[in-house]
Amino acid sequence: MAEDPNKRRLTFQGKRTTWITSVTLSDLLELKVNFPQAPLVMGNTEVGPRIKFEDEFYPVFITPLGLPELYFVDSTDNGVTIGAGYSLAQLNDALGSIVSEQPKEKTKTYRALLKHLRTLAGPQIRNMATLGGHVVSRPNYSDLNPILAAGNAIINLISKGKRRSFRFCMCFYFQWHFVSGMRLAQCQENAFAIVNAGMSVKFEDGTDTIKDLQMFYGSVGPTVVSASQTCKQLIGRQWDDQMLSDACRLVLDEIYIPPAAEGGMVEYRRTLIISLLFKFYLKVRRGLNKMDPQKFPDIPEKFMSALEDFPIETPQGIQMFQCVDPRQPPQDPVGHPVMHQSAIKHATGEAVYIDDMPPIAQELFLAPVTSTRAHAKIISIDVSEALALPGVVDVITAEDVPGDNNPQEEILYAQNEVICVGQIICTVAADTHAHAKEAAKQVKITYEDIEPRIITIEQALEHNSFLTAERKIEQGNVEQAFKHVDQIIEGEVHVEGQEHFYMETQTILAIPKEEDKEMDFVATALNVPRSRIACHMRRAGGAFGGKASKPALLGAITAVAANKTGRPIRFILERGDDMLITAGRHPLLGKYKIGFMNNGVIKSADVEYYVNGGCTPDESELVVDIIVLKSENTYYIPNFRCRGRACKTNLPSNTAFRGFGFPQSTVVVEAYITAVASQCNLSPEEIREINMYKRISKTAYKDMFNPEPLRRCWKECLEKSSFYARKQAAEEFNKKNYWKKKGLSVIPMKFTVGIPYTYLNQAAALVHIYLDGSVLVIHGGCEFGQGLYTKMVQVASRELNIPSSYIHPYETSTVTVPNAVFTAASMGTDTNGKAVQNACQILMARLQPIIRKNPKGKWEDWVNHWWGSAFISLLISLLRGYQTNMDWEKEEGHAFPYYLYGVSCSEVEVDCLTGAHKLLRTDIFIDAAFSINPALDIGQVEGGFIQGMGLYTTEELKYSPEGVLYSRGTNDYKIPAVAEIPEEFYVTFVRSQNPIAIYSSKGLGEASMFLGSSVFFAIQDAVTAARRERGLTTSFTLNSPATPELIRMNCMDQLNTYLIWSIIWKVSVKQTNKNNLKYQVTGSHINRI
C-alpha cells in the first residue's frame, strides 16, 4: 500500500508529556526508534489504568490510530490474517463472519476465541481495546493468548529496516485436530481469569493416537505457561483414561505455582489446572465419538454437562404489585409506579453532582496522605518536598484543627499515633488534583511500630480488645434446656465484610465566606456555632450507609483546610482511597450451640456474635444492637440467648451498611437451621416450617408482633414458585449429572424497620406555596438515588390535591431544615413523608375557608385569594416520629416501630469442576403493605437482593496480616453485573396493613438485602448434593462469600485422591480447615492458606 507523502505528523505538546500521532507506517517506525520507551496507545485500556493506579509516567506517547496497515482482514484458503489495530469487538465480528462461512472443522480456533471474547472484559472495553494491545500487554492473564498459542497463531512484526507486517495469522484446521479454550473467573464478565487455558491435540488420521499436543495456561505464572514437557511425553499415547491420569500427574509436576505466588489461591489454581485439562479431555473424547461412534466410545451421560459453559442470557421477570383503587382521583399519584423524578437526568448525565460543578475562583483540591502502618507511633512528618512542588499551597495536619480533632471518639487527623492503614495523617491543598496527588506522595513519614497489631476478630478476642460493652437478650432457661434435648450441635460461621461501592465516591466542596466566617457544604469541627455552618445536598450517587457518618469526618477535614487556606476546597476521594479510608460492612464471626429434638424442633439456642468494628466506634454500637435484637429471624426458640459485641482492631472503622448487621448475623441463623436439618435427615425448609412463628407472639425481648404476613409470604412463595416440583426436578438433574449440580433454597425473613432510638425517628419539612400556585417542598431527607424526593412530591400532590407538575422538590439544607437526622434504616419516606403530609394538611386546613366560599374555583384562585387575605403561605412541620425504646438492663422493649416480612426462593447450578455457579431463578414475596410508588419500591427490592447476593458470593475483601487492603478497585473487587442477575426474576408485593406508617406503607430499602442469602444457601444445597454423591459428609460449614474457590474446594474437600471414571491419581493439596481460608503475605504477594 503506497503511503501519502503529503501526510504530516500531528504533535501535541504538554507541560510534562508529548502526544504524537503517526500518519504513515514509516513514520511510526521512525518514532519507535527515536522513543523506544514510549508506549503505543490505541484504546488506552492498559496504559491509562497504569498511569492512574500504578503512578507510571511516560514523557512521550505514540498513537498509530488510523494506519491502514493495522486495520484489515485477509482470508485465504490456509487461514486468516488480522491487523493488530482491530478492536476486540471488530475481531469478534470478523471471526463470526468467517465461522459462518467456513466448515466447522476448519474454524475450531476461531470458535474458541469467540467463546472467550463473549466474556472478556465488557462491551465498552472490547470496543476500545485492540487485538495487538491485548496480546502484548496481558502476558500472564490474557484470555486470548493461550488459545492463540494452542492454535499455532503467528504474530508478524515490523521494525525499521525489516519489512514484516504487525498482524496475526491464524491457520485453518481440519479433521483429527481439536482446539479449545477454557477459563474461570470470579464473575462471568469484567473479571480477570483465575486460571485460563488453551489446548490443542492432533491425532494420527483415523486413530486416537496423539500426533501433536499443546497445553498453555494463563494466570499461573508471569507469562502464559506451556506444559511442553508434559506434551512431549504424551506423544504417541492413546487418548484414554490412563493417558489422562499421567497427564494430570505430569502437568502438576511441570507447572509449579509457588506458595508466595501473586494472587494467592495456590491450591485452588492447581486444582483448576487439572479441572480444565479434564474438561478438554472430555470434549475431545466427545468429538472423537462424533467422528466415528463405532471406534471411539462416548463419554458417560452423567459427564455430558461438564462440557457446557453457563450461558449468558438476557434476564426476564415479572413484578406484581397492587392495583390502584379505581375511585382514586386521576391526579393523585400515590400508589402509582411513577418514574424517579431525576431518572432521565441520571441516564443522560444532566444530573449534577459535586464533581460536575464548575470550578470556583481560587479553588483548591485536597489529597490525603494516609498511614501505611496498622499501629505505629509517628516519629516525624516531613512536608518540605511536597511544599516545594508547583501548585502546592499548604499541607494541613492535626495542628491546624481549631476545634476538636477527636469528635465523638473519632479522629480527623492522626496525631502522634496511627491506628490503622489508611488513616488520614495530613492533606495537601494544591491548585489541581494532579498537583495535590503528586505532592501527597512526597510527604515523608517516619514510623515506629507498636504492638499489638490486631487485625482479625480472633486476635481481638485473644487480646480482649472491644469497642463496646456486650449486648444480650435472653428468654427461658438455656442451660437447663440443653439437658433435655436429643441432640446438640456447635459451630461457627464467618461472614466477611462488604464495600459500599457507591457510584459517586465521597465528595465534599467547602466554600469559606468572608463575612462571619460562614461556610457552605461542610460539617462541623471549627469550634464555631452550628448556625454558621450551612450544609447543602441535592443528591448523592449512592450511599448504602456509607454516607451516614463518614461525610461528617471528611467534611470536617475539608472545612479545616478551607479555614486554614481561606480558599474553597474540593475533596474527592478516588475509588482506591475511598475503599481504603472509609471501610464498609462489619465482618462477623457467629458462634452457636443448638439443642434440638430428633423431629427437628429446636428447644435451646445460645448464639454469640462478634463484629470487626475497626479502630474507632463509628456506628458499631448501633450495628451490634440491631444484630442482637434481630437475632431470632423468623423462628420461635423457647430457650434463647444472644450476645453481641464489637471488636476493636487496627483496621479502618467499619460503618453503617444497608441492613445494619442483619444480613451478616441472620446467615448464622440459617446456617444452624441447615445444620439441624442435616442432623435430623430432614430438608432445611422442613426445619424452617417446624420452628417458624405461627401466631401472635412476643420476641425474645418481649415485643408483640403478628407473623400472619410472614405465613402468607411463605405459603405463596412455596406455591407460586413451584418450589417442591422444581426441587424434585433438581434432584433428578443431580442424579443424571456428576459434574453439575442444582440447588434450591427458600429463606424466610422477619425484618424490623427503623432504629431503636426515638430521637432518630424525627423529621421536619418546609412547604412553600407561591402566588402562581406552584409549590416548593423541602425536608430533611437525603436523596441517594432511592427516590425519596419523588415520593415526597407524591405525598404533597395527594395532600394538596394538585398535580405533581405543580410541585418542585428542593435540595436538603441545614439552612432550611436544621437538625435533621440521617436518612437510613428504611425510614426516609416514613419520617419525612409524615412531616410533608403534616405541613400540607395544615396548609390545606388554612385554605378551607377560601375553598368553601368558592368550591368550584381553581387552585391558583384559592392561593391568590389566600394571599390577599394575609394568610401565611409557608409552613415548617416538625414530626416527633415513632416512639421506640429498649431497656437493655431488663432485656425488653419496643425497639422498632413495625415489622416487615419476606421470603425468597432461589435456584442455582454449580460447576463442581471449577466452582462457578449460575443463578437460574429467584422468586421474592415481600410484605410491602401498600406501596406509595411500586416502581421505586420494586427497584429497591431487586437492587437490595442483588447487592445481598454480591455480599454472599462475589464480593471479597482481601487484607494482609499487616492490615493492608489489597482489593481496592474493580480489578480485585467484583460487584454483581448483568450476567449475575437471575435468568428469571419474579417479585411479588404481598398486601398487609400498617396503620402507623404513612398511607399504610412500609420501608423496603434494606429488607431485601438479606434475601440474597437464598442464593448462598442454594449454592450450599448444590454442594451438599455433590458431597453426598462423592461419599463425603453433608454436614459442613460454608462461609460467606461463597466464591468459586470455596465452592470448588468444598465439592472435593480433599484432593489427595481424585477420581475420574475408574482412574485414580494423586494430587498434593493442602487440606483447608473446613472452608475457613485465610490469607498470608510474603513480600508483596497475598496468598490463601
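Of its 41 lining residues, Ser678, Asp1021, Thr1024, Arg1028 and Thr1034 are the closest to its centre. A pocket here is an open set of points on a 1 Å grid over the protein atoms alone, where a 1.4 Å probe fits, with protein on both sides within 12 Å along at least five of seven lines; lining residues have an atom within 4 Å of a point.

This is a predicted model, where local features need pLDDT of at least 70 and side-chain atom pairs count only at pLDDT 80 or more, while totals for chains, interfaces and linings use all residues. Residues are numbered from 1 along each chain, and side-chain values use heavy atoms, without hydrogens and water.

Helix H28 (1013–1029) is among the elements that supply at least two residues of this pocket's lining. H28 gives the largest share, eight residues. Helices are DSSP runs (H or I) of at least four residues, strands (E) of at least two. By class, the lining has 15 nonpolar, 14 polar and 12 charged residues.

Now turn to Phe660. UniProt, in an unreviewed entry, places a "binding site" there; such annotations may be inferred rather than shown by experiment. Phe660 sits in the loop between strand S28 (639–648) and helix H19 (662–680). Phe660 counts as buried because its relative accessible area is 4%, and buried means under 20% (1.4 Å probe, protein chains only). Its contacts (heavy atoms within 4.5 Å) include Leu622, Ala824 and Glu1006.

Alanine 153 lies in another loop, between helix H7 (145–150) and strand S6 (154–156).

Methods:
Buried means under 20% relative accessible area, exposed over 50%, partly exposed in between (1.4 Å probe, protein chains only). Ala, Val, Leu, Ile, Met, Phe, Trp, Tyr, Cys and Pro count as nonpolar, Asp, Glu, Lys and Arg as charged, and the others, Gly among them, as polar. Lists of a residue's contacts leave out its neighbours within four places in sequence.
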